[in-house]
Amino acid sequence: MNKVGVIMGSKSDLPVMQDAIDILKGFGVDVEVDIVSAHRTPEKLFDYGKNAHTRGFAVIIAGAGGAAHLPGMIASLSPLPVIGVPVKSSNSIDGWDSVLSILQMPGGVPVATVALNGAKNAGILAAQILGASDLYVREKIIAYKEDLKVKVNESAKDLS
Ligand SMILES: Nc1c(C(=O)O)ncn1[C@@H]1O[C@H](COP(=O)(O)O)[C@@H](O)[C@H]1O
């Protein structure tokens, strides 16, 4: 099965990015996690972006805070779909710096951007991309959606 690469600019992003890792593992998807920084490890960034598609990855989730250039730079180098997770880092401008850095990509280089700290949705979206051609993962997504519905309906029962 194809893997999902989960990368982040710093280990300090891990508490947020863990949500993507957990949900993907729950769907039975292989995940490889790494720290890659456009600013601090530019050579590693270049190598990762150029070679991810030859290493068995089908989708890349990239999370970063502040001047979050990691997702966009990976998208510029890789033919794979890139999902960007804006992370609200400790010295951020309320997370807006990261949101805008990841969201406002120039035409031709898309990054599918989720909400601030929205790593869980990034994981679900990555699984859905795999599920377009992988029946096993698709069935997991269908079951997940069914479970969401059941939980909401059960929570509504408690109201009366
Ligand atoms: N935005 C980037 C990039 C990048 O875009 O390549 N590399 C690190 N960072 C971000 O800097 C913040 C603070 O990092 P530290 O906690 O290590 O100081 C993190 O949220 C990281 O994603």
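Predicted model: local features only at pLDDT ≥ 70, side-chain atom pairs only at ≥ 80, totals over all residues.

Mentor: In helix 2, which spans residues 42-51, the buried residues are L45, Y48 and G49.

Trainee: Why do they end up on the same side of helix 2?

Mentor: Because the arc they cover around the axis is only 95°.

Trainee: And which exposed residues sit on the face turned away from the buried side?

Mentor: E43 and N51.

Trainee: What do the buried residues of helix 2 pack against?

Mentor: Strand 1 (3-8) and helix 3 (70-77).

Trainee: OK, the core. How many residues are in the largest nonpolar one?

Mentor: It has 42 residues, and A20, I61, L70 and A126 have the most contacts inside it. Elements giving two or more residues to this core include helix 2, strand 3 (57-65) and helix 5 (119-131). In soluble globular proteins, nonpolar side chains tend to be buried together.

Trainee: Take I61. What is it in contact with, leaving aside neighbours within four places in sequence?

Mentor: V4, V6, A20, I83, V85, A122, G123 and A126.

Trainee: Switching to the ligand. Which residues come nearest?

Mentor: There are 18 residues around the ligand, and G9, S10, S12, A38 and G65 come nearest. By class, the shell is made up of 7 nonpolar, 9 polar and 2 charged residues.

Key. Residues numbered from 1 in each chain as written. Near = placed C-beta within 6 Å. Nonpolar A, V, L, I, M, F, W, Y, C, P; charged D, E, K, R; others polar. Buried ≥ 20, exposed ≤ 12 C-beta atoms within 10 Å, placed from the backbone. Helix = DSSP H or I, 4+ residues; strand = E, 2+ residues; numbered from the N terminus. Arc of directions from axis to C-beta. Contact = placed C-beta atoms within 7 Å. Core = buried A, V, L, I, M, F, W, Y, C linked by C-beta atoms within 7 Å.
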